[in-house]
Amino acid sequence: MVGNRGNGTAVKTPEPPVLVFFTMHEGKYAFLHFELTDRVYVDPEKCHCRENSKKPCRTVVIVTKERTIDLRRFSAASQESGKGLYTWDLARFRIPRHPQYDDVEVVKKVQFLTLDFATVEAKDEFRLELKSLEKVRNLDAKMCHDIIAEKQIKNHKPVKR
């Protein structure tokens, strides 16, 4: 950036990765969308499979260190042309605000998500993908922190003339 007081660098905090689930909700197809912030994690202790440890577990419970998870939902009642699934656009979940952003329902007071998978293998694959997303998020955050720290060090050194 160039300003009237000199040159500078703008460093923005990276956006966290998002998870988008395609599911059924009250008989309607729906997308569920939430950000994978550093406050969101899988809690193996919350799984009901702990009660019956003889069966292999096919459940993942996603919780947050905050009070609730910010969850957005977009549903389609029909598949008619011009309505329902044919009008779906995942861009409506993005920032800066998409023109249809207000059509997305904000689901309040979600404390956790329980995901049931058809097989243990599918659950394990999801966990691996989630760990990859967490690594990307953590690397982005570290890189941002390192750049800010480097700029702060440079700003505190006297300029040679």
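Predicted model: local features only at pLDDT ≥ 70, side-chain atom pairs only at ≥ 80, totals over all residues.

Biologist: Take F21 and F126. How far apart are the ring centres, and at what angle are the planes?

Modeller: The centres of the F21 and F126 rings are 6.2 Å apart. Their planes stand at 40°, so this pair is tilted.

Biologist: Where do F21 and F126 sit in the fold?

Modeller: F21 is in strand β3, and F126 is in helix α1, residues 120–156. So the pair ties together parts that are 105 residues apart in sequence.

Biologist: Are F21 and F126 buried or exposed?

Modeller: Both F21 and F126 are buried.

Biologist: And F117 with F126, what's the geometry there?

Modeller: The ring centres of F117 and F126 are 5.3 Å apart. The planes are at 40°, so that pair is tilted too. Both F117 and F126 are buried.

Biologist: Which residues make up the aromatic cluster?

Modeller: F21, F34, F117 and F126 form one cluster.

Biologist: Switching to charges. Which ring face does K65 lie over?

Modeller: K65 lies over the face of Y41, 5.8 Å from the ring centre.

Biologist: And R92?

Modeller: R92 lies over the face of F74. The distance to the ring centre is 3.9 Å.

Biologist: Now pockets. What volume does the largest pocket have?

Modeller: About 230 Å³.

Biologist: How many residues line the largest pocket, and which lie nearest its centre?

Modeller: The lining has 14 residues. Nearest the centre are F21, T23, L32, T114 and L115. F21 is also part of the aromatic cluster.

Biologist: Which strands supply at least two residues of that lining?

Modeller: β3 (18–25), β8 (105–110) and β9 (112–116) each do. β9 gives the most, with five residues.

Biologist: What does the lining look like by class?

Modeller: There are 11 nonpolar residues, two polar and one charged.

Biologist: Why does C57 count as buried?

Modeller: Its relative accessible area is 19%. The cut-off for buried is under 20%, so C57 counts as buried.

Biologist: And C144, buried or exposed?

Modeller: C144 is buried, at 10% relative accessibility.

Methods:
Residues numbered from 1 in each chain as written. Heavy atoms only, no water. 1 Å grid on protein atoms, 1.4 Å probe; cavity = no way out; pocket = protein on both sides within 12 Å on 5 of 7 lines; lining within 4 Å. Points joined across faces, edges and corners; volume = space filled by probe spheres on them. Helix = DSSP H or I, 4+ residues; strand = E, 2+ residues; numbered from the N terminus. Nonpolar A, V, L, I, M, F, W, Y, C, P; charged D, E, K, R; others polar. Buried < 20%, exposed > 50% of the residue type's maximum accessible area, 1.4 Å probe, protein only. Phe/Tyr/Trp six-rings, centres within 6.5 Å; stacked < 30°, edge-to-face > 60°. Lys NZ or Arg CZ within 6 Å of the ring centre and 35° of its normal.
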